[in-house]
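The entries follow the model shown here.

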Amino acid sequence: MKHVTIATLAIIMAASLTASAQLNYSGSALSGLDYSSYYSGDAQYVAGTPDVAQLYTADLSVDGDSPAVFVQISAPMTLDSLTASYSTSAGTTVAPYWLIYMTDDTGFTTPIVSTGSGPLNGSSLIHTGDLTHGSITLSALDTTIDPNSGLEYGDEDIAWVGLEIGDGGSGSGTANIDSITLSSVPEPTTIISGALMLLPFGVGAFRVLRKSLRA
């Protein structure tokens with residue numbers, strides 16, 4: 001029983017200190033994502049080699065269509081721990097940008113929008129609300145107050161993460177997205193706090209171990 005207790009505590013400590021989540025979508029898994037189509041066929045899953053989430057618009061300007069594909073986040077994933085990336089394949093003519101909706105924004109009125117393409121991390125420049133707002137980094141947004149909830153953005157859960165094309169440029173554009181990866185890793189301060197909380201359990205386990213060795 002003593003050995004079971006030690007093993008159980010070790011598992012709890014390891015799980016608490018390494019808690020993270022990673023969501024990967026590629027191949028047929030792309031078919032289960034949410035496609036936002038204002039016009040028929042502008043955002044859709046296309047099976048092939050490779051399978052892709054295809055976004056197409058005939059007009060990239062602010063007056064044109066802005067197709068998007070979204071991942072719904074069912075498990076808690078906070079903004080301050082989010083990193084994301086995607087890859088595209090042949091036929092891509094324009095790189096997509098990121099859209100993030102928080103759980104408190106039930107009307108989908110104030111998205112967080114990246115101002116550039118490529119991976120999303122703390123140093124990525126973003127807008128909040130709409131494209132008329134100034135740019136700040138995603139890390140800087142963490143401690144900014146969300147007007148919807150009155151809480152800091154970084155502590156809130158994410159509802160949706162998406163990729164979109166349009167709202168800038170001219171002519172037509174296509175993005176064939178063959179993979180999307182979302183990762184949520186605890187902040188260093190969270191890991192340290194968790195370790196301190198588990199310290200009494202670690203001491204107790206050590207005492208049990210010493211007693212079992214003496215027996």
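Are Phe 70 and Tyr 101 buried or exposed? I find that Phe 70 is buried and that Tyr 101 is buried as well; buried stands for under 20% relative accessible area, exposed for over 50%, and partly exposed for the range in between, with a 1.4 Å probe and protein chains only.

Entry on the basis of the values. I note that this is a predicted model, in which local features need pLDDT of at least 70 and side-chain atom pairs count only at pLDDT 80 or more, while totals for chains, interfaces and linings use all residues. Residues are numbered from 1 along each chain as its sequence is written, and side-chain values use heavy atoms, with hydrogens and water left out.

Entry on the aromatic residues. I looked up the aromatic pairs and found 4 in the structure; rings of Phe, Tyr and Trp (its six-membered ring) pair if their centres lie within 6.5 Å, and planes under 30 degrees apart count as stacked, over 60 as edge-to-face and the rest as tilted. Phe 70 and Tyr 101 make a tilted pair, with 6.0 Å centre to centre and 50° between the planes. Because Phe 70 belongs to strand 5 (residues 68-72) and Tyr 101 to strand 7, this pair ties together parts that are 31 residues apart in sequence. Strands are DSSP runs of E with at least two residues, numbered from the N terminus.

I then checked Phe 70 against Trp 160: the pair is edge-to-face, at 6.3 Å centre to centre and 85° between the planes. Trp 160 lies in strand 11 (residues 158-164), so the pair with Phe 70 in strand 5 links parts 90 residues apart in sequence. The relative accessible area of Phe 70 is 11%, and Trp 160 counts as buried at 18%. I record one aromatic cluster formed by Phe 70, Tyr 101, Phe 108 and Trp 160.

I read 7 strands in the order 2-5-11-7-8-9-10, with antiparallel pairing; two strands pair if DSSP finds at least two bridges between them. Strand 2 (34-36) and strand 10 (136-137) are at the edges with a single partner strand each, so one side of each has no neighbour in the sheet. Strand 7 (residues 97-102) and strand 8 (residues 112-117) are joined by 3 bridges, and Leu 99 stands opposite Val 113.

Entry on strand 12. I found 12 of the 12 residues of strand 12 (residues 173-184) buried, so this strand is largely enclosed by the rest of the structure. Strand 1 (residues 21-26) pairs antiparallel with strand 12 over 6 bridges, with Asn 24 opposite Thr 181.

Conventions
Helices (H or I, at least four residues) and strands (E, at least two) are DSSP runs, numbered from the N terminus.
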